[in-house]
Amino acid sequence: MSRYYVTTPIYYVNDAPHIGHAYTTLTADALARWHRLIGDEVFFLTGTDEHGQKVARAAEAAGRTPAEHAELNADRYRQAWDLLQISFDDFIRTTEPRQIDTVQAFMQRIHDNGHIYSGTYEGWYCVPCEAYYNDDDLVEDPSGGDTPLCEIHRKPVEWLSEENWFFRLSAFAQPLLDWYETNPNAVQPEGKRNEALGLIRGGLQDISVSRSAVQWGIPVPWAEGHVFYVWYDALINYVTAIGYNSDRQRFEDWWPSVNHLLAKDILRFHCVYWPAMLMAAGEAPPRQLNVHGYLLVGGEKMSKTSLNQITPAELVEDFGVDGFRYQFLRGQPFGPDGDFSYEGMVVRYNTDLANNLGNLAARVATVVAKKCDGVGPAPDPDSPLAPIAAEVVAEAVREWAETSPPKALEATWRLVREANAHLENNEPWKAEPGPAVDRVLGDALEVLRIVAVLASPALIDSTDELWRRIGLTDAGGQPNRPTDVRVPDGLAWGGYPGGVPVDKGTPLFPRLTTS
Ligand code: MSP
């Protein structure tokens with residue numbers, strides 16, 4: 001059995017989650033579910049990033065203490081993930097004692113290894129990014145203001161000047177380049193790997209790891225009055241949750257074979273700072289970093305100021321949990337930016353879910369009721385769909401392994417379309433009951449069985465329901481849920497037993513209209 005450790009970024013608790021946060025989390029969830037299907041031991045970690053100025057200021061503006069504000073928004077994240085049926089194994093909050101202990105131990109190790117020194121920091125800082133910037137990272141204020149703007153938030157940065165502790169990042173430029181060279185697939189996709197290499201080759205400056213002007217953070221153990229810079233606290237969550245400071249054996253079981261998911265906004269922290277920190281602490285860098293683009297709304301990144309933030313709950317109300325999950329796993333390629341539109345989501349839902357999968361299930365059940373007294377027949381071992389199913393399973397296996405849910409689902413829907421075409425070509429609804437009709441319907445039921453399993457990382461309740469409708473729940477000798485099947489062996493053609501009751505039920509995915 002292999003182990004699969006997958007993480008999302010831990011989200012800031014300045015505000016409630018929107019669909020951009022849901023996008024990364026859903027992708028991680030689907031990957032975790034897929035790896036459980038193939039029999040891996042999975043650890044799926046998500047959580048919230050609660051310290052730092054961004055959260056402290058949002059709390060102040062809301063008239064709360066940072067701890068109260070963090071509590072409230074961490075709960076909102078948990079509720080959103082519950083709603084979306086996110087199957088995380090652990091939800092870490094950076095204000096927990098385990099994180100405080102681990103950050104202090106990890107940073108102390110780096111300090112003891114001689115990679116931290118004291119100095120004075122002077123320069124620009126963007127609070128919404130919680131990031132230090134050089135002049136050339138910033139843009140001029142188009143309205144003529146003296147202070148340059150952060151390129152991401154288009155807000156004036158702030159001048160910081162304080163006594164700090166510095167991490168000798170510059171010393172890790174060559175080790176990082178060597179690591180990139182020997183691990184050409186560590187950062188995916190290639191364009192993002194090149195971006196990270198560009199940052200390293202462009203020259204790395206030592207970076208301030210502590211703040212004395214900020215109170216809301218984890219105390220630096222060797223320097224009273226200082227707290228750790230929030231990013232140096234946050235990244236460490238990935239090792240806290242697997243026992244870095246509490247259970248060395250467990251840590252070694254899971255590290256470094258991790259798959260970190262993140263968007264391009266935090267590439268520098270994950271693909272440059274984090275591997276360097278690990279090296280400085282004497283640990284191996286992460287095995288894989290998957291960087292994806294932004295989910296845009298009307299071509300723009302979601303932000304509070306442009307009032308284009310959409311919450312998961314708003315869309316779930318219209319599309320259901322599985323409709324939501326399907327859209328964000330299938331709707332845009334994993335990697336580049338993708339534009340989200342409500343109208344596009346309706347089209348995708350109607351085409352793939354209502355018309356293709358929903359219709360296949362409804363049609364088969366109707367004809368089985370009429371021609372086979374409601375008892376599903378077994379598939380034909382020599383069905384023309386058998387080799388297609390084998391190809392689709394192999395392709396889905398490949399694409400999930402490549403962290404590409406959209407392509408894996410696209411392959412899966414090819415099988416749905418082929419099964420619909422097979423029915424159209426044979427028109428069992430027009431034929432007399434008998435072995436020929438049984439074969440065609442048995443083939444379609446076998447496709448539904450295979451698709452229920454392959455789609456189960458995306459569609460949760462509807463694949464369970466499909467399983468029940470084709471008679472496999474409590475069928476005896478059969479896995480009770482699609483998620484109990486082991487892929488790929490359990491998907492060999494011919495697994496549908498036949499002789500089980502098929503139930504039509506109401507539409508699995510009722511058609512939607514745009515209004
Ligand atoms: N707290 C840091 C991460 C620390 S990880 C050790 C942070 N938090 S965040 O709340 O700003 O979340 C950023 C992440 O949310 C992105 O990297 C991405 O995973 C997700 N997304 C937020 N908005 C998004 C889009 N519009 N589109 C796609 N992903 C988005 O950064």
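Colleague: Why is Arg248 called partly exposed?

Modeller: Happy to explain, and please keep in mind that this is a predicted model. Arg248 has a relative accessible area of 36%. Buried means under 20% and exposed means over 50%, with partly exposed in between. The value of 36% therefore makes Arg248 partly exposed.

Colleague: And what makes Glu252 and Arg248 a salt bridge?

Modeller: Their side chains meet at 2.9 Å, N to O. The cut-off is a side-chain nitrogen of Lys or Arg within 4 Å of a carboxyl oxygen of Asp or Glu, so the pair qualifies. Both residues belong to helix α9 (residues 248–254), and being four residues apart, they are separated by about one helical turn. Glu252 has 45% relative accessibility, so this residue also counts as partly exposed.

Colleague: Which salt bridge links distant parts of the chain?

Modeller: Glu162 and Arg211 form one, with their closest N and O atoms 2.7 Å apart.

Colleague: How do you know whether Glu162 is buried or exposed?

Modeller: Its relative accessible area is 8%, and buried means under 20%, so Glu162 is buried. Arg211, at 4% relative accessibility, counts as buried too.

Colleague: What about Arg449 and Glu446: what makes them a salt bridge?

Modeller: Their side chains meet at 2.7 Å, N to O, and the limit is within 4 Å, so they count as a salt bridge. They are three residues apart in helix α15 (residues 435–454), which means about one helical turn separates them. Arg449 is buried with a relative accessible area of 3%, and Glu446 counts as buried at 0% relative accessibility. Elsewhere, salt bridges with shared partners join Glu465, Arg468, Arg469 and Asp503 into one network.

Colleague: How many salt bridges does the structure hold?

Modeller: The structure holds 24 salt bridges.

Colleague: Why is Arg330 said to have no salt bridge?

Modeller: The nearest side chain of opposite charge is Asp352, and that is 4.1 Å away. A salt bridge needs the nitrogen and oxygen within 4 Å, so Arg330, although buried, has no salt bridge. Arg330 does touch Arg348, Asp352, Pro406, Leu409 and Glu410, leaving aside residues up to four places away in sequence.

Colleague: Where is Arg330 placed?

Modeller: Arg330 is in helix α11.

Colleague: Why are α11 and α12 called roughly perpendicular?

Modeller: The axes of helix α11 (residues 312–330) and helix α12 (residues 342–371) cross at roughly 80° and come within 10 Å. Angles of 65 to 115 degrees count as roughly perpendicular, so the two helices are roughly perpendicular to each other. Among the residues making the contact are Leu315, Phe319 and Arg330 of α11, along with Tyr342, Met345 and Asp352 of α12. The contact residues divide into 10 nonpolar, three polar and four charged.

Colleague: What makes Lys370 an exposed residue?

Modeller: Lys370 lies in helix α12. Its relative accessible area is 65%, and exposed means over 50%, so Lys370 is exposed. The C-alpha atoms of Lys370 and Gly145 are separated by 75 Å, and the two residues are 225 residues apart along the chain.

Colleague: Which feature sets Glu130 up for a closer look?

Modeller: Phi of Glu130 is near 50°, a positive value in a residue other than glycine. Glu130 is in the loop between β5 (116–126) and β6 (131–133). At 1% relative accessibility, this residue counts as buried.

Colleague: What is phi of Thr403, and is the residue buried or exposed?

Modeller: Phi of Thr403 is near 55°, again a positive value in a residue other than glycine. Thr403 lies in the loop between α13 (385–401) and α14 (405–426). Its relative accessibility is 5%, and the limit for buried is under 20%, so Thr403 counts as buried.

How values were computed: Residues are numbered from 1 along each chain as its sequence is written. This is a predicted model: local features need pLDDT of at least 70, side-chain atom pairs count only at pLDDT 80 or more; totals for chains, interfaces and linings use all residues. Side-chain values use heavy atoms; hydrogens and water are left out. Axes are lines fitted to C-alpha atoms, for helices over the stretch in contact, and angles run from 0 to 180 degrees between N-to-C directions. Angles under 35 degrees count as roughly parallel, over 145 as roughly antiparallel, 65 to 115 as roughly perpendicular and the rest as oblique. Contact means heavy atoms within 4.5 Å. Ala, Val, Leu, Ile, Met, Phe, Trp, Tyr, Cys and Pro count as nonpolar, Asp, Glu, Lys and Arg as charged, and the others, Gly among them, as polar. Buried means under 20% relative accessible area, exposed over 50%, partly exposed in between (1.4 Å probe, protein chains only). Lys and Arg count as positive and Asp and Glu as negative; His and the chain ends are not counted.
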